Amino acid sequence: MTEHPTKPDPVAHYRAVLDSLDPRLRIAAKLRALFPMIETQLAAGVPHAAIMEDLAQAGLAVRSSTYITTLRRWRKANRPQTAPADPVATPTPTAHRTAPDTPRTTPTPPPMDAIQGRPHGIETPSDLRQIRHMRVDLEALRREGLEQRQKATNPTPQDKE
């Protein structure tokens with residue numbers, strides 16, 4: 001499958017890698033060992049069908065579905081890891097926003113709520129997703145309930161004002 005004599009033959013590279021692997025490995029494991037070379041070929045514009053033909057010539061006959069599924073899983077595993085989105089840190093479109101011309105200083109820590117990530121109101125589908133991903137601290141929720149009951153039964157002078 002070489003057009004230029006100066007370019008190395010991918011089939012020979014595939015064979016060299018496959019010969020170094022244990023022959024008892026599953027096809028997907030063999031493909032994972034070859035994917036760094038396959039990715040460079042894909043980046044150079046070689047079609048998937050040509051790569052699958054080269055793999056067959058190298059002695060690794062692969063079904064199209066196996067190739068695509070394994071490639072997708074390999075790419076997902078090698079994707080740069082990003083921090084998961086924190087539902088508390090995502091801005092919610094509510095009416096409780098500050099004015100844009102307000103100077104921002106150091107952010108104040110959010111109050112310690114029993115339910116973290118609670119939106120101020122449900123206005124968009126993202127607010128519903130935020131509710132679904134809320135973290136609930138049951139112990140803090142119990143303490144909040146006890147404090148509210150104590151305030152209701154024993155009002156302090158500050159509460160009367």
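Predicted model: local features only at pLDDT ≥ 70, side-chain atom pairs only at ≥ 80, totals over all residues.
User: OK, how many salt bridges does the structure hold?

Analyst: Four. A salt bridge here is a side-chain nitrogen of Lys or Arg within 4 Å of a carboxyl oxygen of Asp or Glu.

User: What does R24 pair with?

Analyst: D22, and their closest N and O atoms are 3.0 Å apart.

User: Is R24 buried or exposed?

Analyst: R24 counts as exposed because its relative accessibility is 72%. D22, at 31%, is partly exposed. The cut-offs are under 20% relative accessible area for buried, over 50% for exposed and in between for partly exposed, using a 1.4 Å probe and protein chains only.

User: And which residue does E39 meet in a salt bridge?

Analyst: R75, at 2.6 Å from N to O. E39 lies in helix α2 (residues 27–43) and R75 in helix α4 (residues 64–77), so the pair ties together parts that are 36 residues apart in sequence. Helices are DSSP runs (H or I, at least four residues), numbered from the N terminus.

User: What about E139, where does that one lie?

Analyst: In helix α6 (residues 138–153), along with R142, three residues away, which is about one turn of the helix. Salt bridges with shared partners also join E139, R142 and R143 into one network. The E139–R142 bridge itself is 2.6 Å, N to O.

User: Switching topic: at what angle do α2 and α3 cross?

Analyst: Roughly 135°, with the axes of α2 and α3 (residues 48–57) coming within 11 Å. Axes are lines fitted to C-alpha atoms over the stretch in contact, and angles run from 0 to 180 degrees between N-to-C directions. That angle makes α2 oblique to α3, because under 35 degrees counts as roughly parallel, over 145 as roughly antiparallel, 65 to 115 as roughly perpendicular, and the rest as oblique.

User: Which residues make the contact?

Analyst: L31, L34, I38, Q41 and L42 from α2, and H48, I51 and L55 from α3. Contact means heavy atoms within 4.5 Å.

Note on methods:
Residues numbered from 1 in each chain as written. Heavy atoms only, no water. Helix = DSSP H or I, 4+ residues; strand = E, 2+ residues; numbered from the N terminus.
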